[in-house]
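Open the model in your viewer and keep the selection panel at hand.

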Amino acid sequence: MPTMRRRLIRIALILLLFPPLLAAVGGWLAAPGFLRPIRRELTPDLIREADASFATTHSYREDFDVRAPDGALLRGWKVRPPNPNGNWVLLFHGVADNRVGVIGQSEFLLKAGYSVVMMDARAHGASEGPIATYGWLERNDTRTIIDALVWSEVRRYENEQVRSGKWKVLVEDEAKPVDDSYFLRHPVPNPRPGTPAHIFALGESMGAAIALQSAGADPRIEAVVAESSFANLREAAYDYAGLRRSPLLGKTLFAPGTWTLLYRGKKLAGIPLAEVSPEKAVASRAVPVLLICDENDVVLPCRHSEMIYAASRGPRQLWVVPRAFHTAALGFQPAEFKRRILAFFSEAAANPNSTHY
C-alpha cells in the first residue's frame, strides 16, 4: 500500500510539473522566432496588386526610403490621391506581413482625399533590421519617417512654386554674411509651406501597437486608429502561452512559457520587451484613439483593447465588431469601418486644441 501511494504521488507530481516544464521549453524555443518573424517578401505580383488598387483611385505612388536611427533602411511608398486634402495617414501592417497588407485601408482613405505613407516595418518586407521589437525601436523609426515626410513635402512644394514661376531663384556671385537682423526681417514660416496639414496613424495588430506607441512618442501624430492591438507584450505572451484558449493558463499552469519567452527575448534583443506597452503610451499622452476589437479574435482578444481604452487619457472610442476575427473588421463591416474612421479623422482635424506642430 505505501508503495502504491508513493507511485500515485510520483505520477501526480509528474502530471503537475510536466506542463509548466514543457511551457518553459516552448517559450525559450519560441523567442528567436518571435523576434524574427517570417518575412513576407514584396514580390512583383504584390506590387502589381497594389498598383491596381491605386489605379482605381487615380492615385500616384512614389518610393519612399528612410534611414532609421540605428542605420536600418526602411522602405515604403508615399501615395497621393489626385485631389489631396493636405492630410496624411501613416499605415502600419501586422506581424509577418508587409505594406501591401494594408492596401484595403489605403484605398478608401485615398478615395476620401487622404495621402498615405505605407512602410515595411523593420525586419519585414523589403526593410532592413535584424529583429522586430513591436514598437520599442519602431516608435523612433516613425519619428524619423515623419521627419522625412515633412522635409520631402516642403521641398516638393518649393520645387512646384519654382517650376510654376510663382517663386524666383536669385543667384548671386558671392555669398554674403548675414547677422541676426536678417532673420528678423525675413522670418521662416512655421510650419513651412508644404508641411502636411495633419498627420494621423492607422494600424492593425502589431501595426496598431506600433501606431499607439509612436503617437505616445511624437505629438505630430494627432489621432490613431488601432485595430486588434496588444495592451502590452507581457499580456500578449499570456495568450500565446495559454495556447490562445485562455490567458489564465498563461498566467498559471503555463506561466513559465511567458517568463522564458520574455526573458530570452530580452537577452536576444537587448531591450526590455516586458516594457513594450501601447497601454502605457496612451497613458503618457492625451492622443485621440479609435480602438477596434474583433468579437471572435482569439489571437489578441478584446480585453487588450479594453485595457488600452481604460488607460487612455485623451478622447477615446471603442468599437467591438460583431462576429469578426483577428484584424477582419474591414471585411465584416466595410461600410461601418470606413464611416467610423473617416468621421474620426475628420473630427480630429477639426479639433482646435490639436497639438499639431
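**Whole chain**

Start with everything selected. In the protein chain, 74% of the contacts with a separation of 6 or more are between residues 24 or more positions apart; contact means heavy atoms within 4.5 Å. This is a predicted model, in which local features need pLDDT of at least 70 and side-chain atom pairs count only at pLDDT 80 or more, while totals for chains, interfaces and linings use all residues. Residues are numbered from 1 along each chain as its sequence is written, and side-chain values use heavy atoms, with hydrogens and water left out.

Switch to cartoon. The protein chain has 13 helices and 8 strands. These are DSSP runs numbered from the N terminus: helices are H or I with at least four residues, strands E with at least two. Of the 357 residues in the protein chain, 48% are buried. Buried means under 20% relative accessible area, exposed over 50% and partly exposed in between, with a 1.4 Å probe and protein chains only.

**Ring cluster**

Now show the aromatic side chains. The structure holds 8 aromatic pairs. Rings of Phe, Tyr and Trp (its six-membered ring) pair if their centres lie within 6.5 Å; planes under 30 degrees apart count as stacked, over 60 as edge-to-face and the rest as tilted.

Select Tyr114 and Phe345. Their pair is tilted, at 6.0 Å centre to centre and 55° between the planes. Tyr114 sits in the loop between helix H3 (103–111) and strand S4 (115–119), and Phe345 in helix H13 (residues 334–350), so the pair ties together parts 231 residues apart in sequence. Tyr114 is buried at 6% relative accessibility. Phe345 is buried at 0%.

Phe200 lies in strand S5 (residues 198–204) and Phe345 in helix H13, 145 residues apart. Phe200 is buried too, at 0% relative accessibility.

Ring pairs link Tyr114, Phe200, Phe344 and Phe345 into a cluster.

**Helix pair**

Select H4 (residues 138–164) and H6 (residues 206–217). Their axes come within 8 Å and cross at roughly 65°. Axes are lines fitted to C-alpha atoms, for helices over the stretch in contact, and angles run from 0 to 180 degrees between N-to-C directions.

Finish with side chains. H4 brings Glu138, Arg139, Thr142 and Arg143 to the contact, and H6 brings Ile210, Gln213, Ser214 and Ala217.
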